[in-house]
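Biologist: I am new to this structure. Could you show me how to read it, feature by feature?

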Amino acid sequence: MKRISTHVLDMVHGNPAKDVPIRLEKQNITGDWRLMTSARTDQDGRCAQLLPEGEDLSAGVYRLIFDTRSYYAQQKLGSLYPSVEVTFQARDGESKFHIPLLLSPNGYTTYRGS
């Protein structure tokens, strides 16, 4: 199954970051971005499938935009980064992307997971 997924962990509290708004966008040939879907992380800080039903994971440039301002506002905390954008490239033949985000109010780390 073709898939784009994510997992957000709150490094300050040592817990999954639940209810983080996320957008998945794909860059078109002119360089503009097209919204593919938006979602929120579940109780475990996950979005298991961000690729919309009927959409193919084709070669191209994608980005995940995490609305960290909303997440920290729910906790009555400020944050240096109001959003985190993770841009990645899918090549022909690739079928799965899992992009974890380790988050704190003053920093973040991301990587390609499995």
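Biologist: Which residues does Y81 touch, not counting residues up to four places away in sequence?

Modeller: Contact means heavy atoms within 4.5 Å. By that rule Y81 touches T68, R69, P105, N106, G107 and Y108. A word on the source: this is a predicted model, where local features need pLDDT of at least 70, side-chain atom pairs count only at pLDDT 80 or more, and totals for chains, interfaces and linings use all residues. Residues are numbered from 1 along each chain as its sequence is written, and side-chain values use heavy atoms, with hydrogens and water left out.

Biologist: Where does Y81 lie?

Modeller: Y81 is in the loop between α1 and β7. Helices (H or I, at least four residues) and strands (E, at least two) are DSSP runs, numbered from the N terminus. The C-alpha atoms of Y81 and F66 are separated by 10.0 Å. Along the chain these two are 15 residues apart.

Biologist: How is Y81 classed, buried, exposed or partly exposed?

Modeller: Look at relative accessible area: buried means under 20%, exposed over 50%, partly exposed in between (1.4 Å probe, protein chains only). Y81 has 32%, so it is partly exposed. Of the 114 residues of the protein chain, 37% count as buried.

Biologist: How many helices and strands are there in the protein chain?

Modeller: One helix and nine strands. Read along the sequence, the pattern is β-β-β-β-β-β-α-β-β-β.

Biologist: What does the radius of gyration say about the protein chain?

Modeller: It is taken over C-alpha atoms, and the globule rule is 2.2 Å times the number of residues to the power 0.38. For 114 residues, a compact globule would come out near 13 Å. The protein chain has 14 Å, which agrees. Its C-alpha trace spans about 40 × 30 × 20 Å along the principal axes.

Biologist: Among contacts between residues at least 6 apart in sequence, how many join residues at least 24 apart?

Modeller: The share in the protein chain is 60%.

Biologist: Now the rings. How many aromatic pairs are there?

Modeller: First the rule. Rings of Phe, Tyr and Trp (its six-membered ring) pair if their centres lie within 6.5 Å; planes under 30 degrees apart count as stacked, over 60 as edge-to-face and the rest as tilted. The count comes to four aromatic pairs. One of them, Y62 with F88, is stacked: 5.8 Å centre to centre, with 15° between the planes. Y62 lies in strand β6 (residues 60-66) and F88 in strand β7 (residues 84-90), so the pair ties together parts 26 residues apart in sequence.

Biologist: Is Y62 buried or exposed?

Modeller: Y62 counts as buried, at 0% relative accessibility. F88 is buried too, with a relative accessible area of 11%. The rings of F88 and F97 have centres 5.1 Å apart and planes at 40°, so that pair is tilted. Y62, F88 and F97 form one aromatic cluster.

Biologist: What should I look for in phi?

Modeller: Most residues other than glycine have a negative phi. D19 is not a glycine, although its phi is positive, about 70°. K76 is also a residue other than glycine with a positive phi, near 60°.

Biologist: Where is the place of D19?

Modeller: In the loop between β2 (15-16) and β3 (21-27). D19 is partly exposed, with a relative accessible area of 30%.

Biologist: And where is the place of K76?

Modeller: In the loop between α1 (68-74) and β7. K76 counts as exposed, at 74% relative accessibility.
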